[in-house]
Amino acid sequence: MTAKEIQKRNAKAESLRVLQADDGSFYVESEKGKILYNVVLDDEETSCTCGDWSRNSKKNEDFRCKHILAVMNAIPK
């Protein structure tokens, strides 16, 4: 992904609502709030249940959808 693509996805990610369940798992609402995507972000795996992730992560292992970026931005550093 180019820096411009990441910046564009980050801008979209900022408006998404991130929810963390009691078990530590993350869910991110779609832009319209109708769908919850499950995001896994740990040392062993990074994944999302959205179609964007499903399509693009096969081509590029460093791919990050806006839902993953939203979780990454929500976690304190």
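## A first walk around the model

D43 counts as exposed, because its relative accessibility is 84% (exposed is over 50% relative accessible area, buried is under 20%, and partly exposed lies in between, with a 1.4 Å probe and protein chains only). Before going on, a word about the model: it is predicted, so local features need pLDDT of at least 70 and side-chain atom pairs pLDDT 80 or more, while totals for chains, interfaces and linings use all residues. Residues are numbered from 1 along each chain as its sequence is written, and side-chain values use heavy atoms, leaving out hydrogens and water.

**Two loops between strands**

Back to D43. You'll find D43 in the loop that runs between strand 3 (36–41) and strand 4 (46–48) (strands are DSSP runs of E with at least two residues, helices are runs of H or I with at least four, and both are numbered from the N terminus).

Now look at S25, in the loop between strand 1 (18–20) and strand 2 (26–29). Here the relative accessibility is 17%, so S25 counts as buried. The S25 side chain makes a polar contact with the side chain of D23, at 2.6 Å. (That term covers N or O atoms within 3.5 Å; within protein, one must be able to donate a hydrogen and the other to accept it, and sequence neighbours count only through side-chain atoms.)

**Salt bridges**

How many salt bridges does a search of the whole structure find? The search turns up 3 of them, each a side-chain nitrogen of Lys or Arg within 4 Å of a carboxyl oxygen of Asp or Glu.

Take D52 and R9, whose side chains meet in a salt bridge at 2.6 Å, N to O. This pair links distant parts of the chain, with D52 in helix 2 (residues 51–56) and R9 in helix 1 (residues 3–13), 43 residues apart.

Then there's the salt bridge between the side chains of E29 and R17, at 3.4 Å, N to O. E29 sits in strand 2 and R17 in the loop between helix 1 and strand 1, so this pair ties together parts 12 residues apart in sequence.

K66 and E31 also meet through their side chains in a salt bridge, at 2.9 Å, N to O.

| Residue | Relative accessible area | Class |
|---|---|---|
| D52 | 19% | buried |
| R9 | 22% | partly exposed |
| R17 | 48% | partly exposed |
| K66 | 17% | buried |
| E31 | 54% | exposed |

K8 belongs to helix 1 and counts as exposed, at 57% relative accessibility. K8 and K66 are 58 residues apart in sequence, and their C-alpha atoms are 9.1 Å apart in space.

E61, in the loop between helix 2 and helix 3, counts as exposed too, with 69% relative accessibility. From the C-alpha atom of E61 to that of T46 the separation is 9.6 Å, with the two residues 15 apart along the chain.
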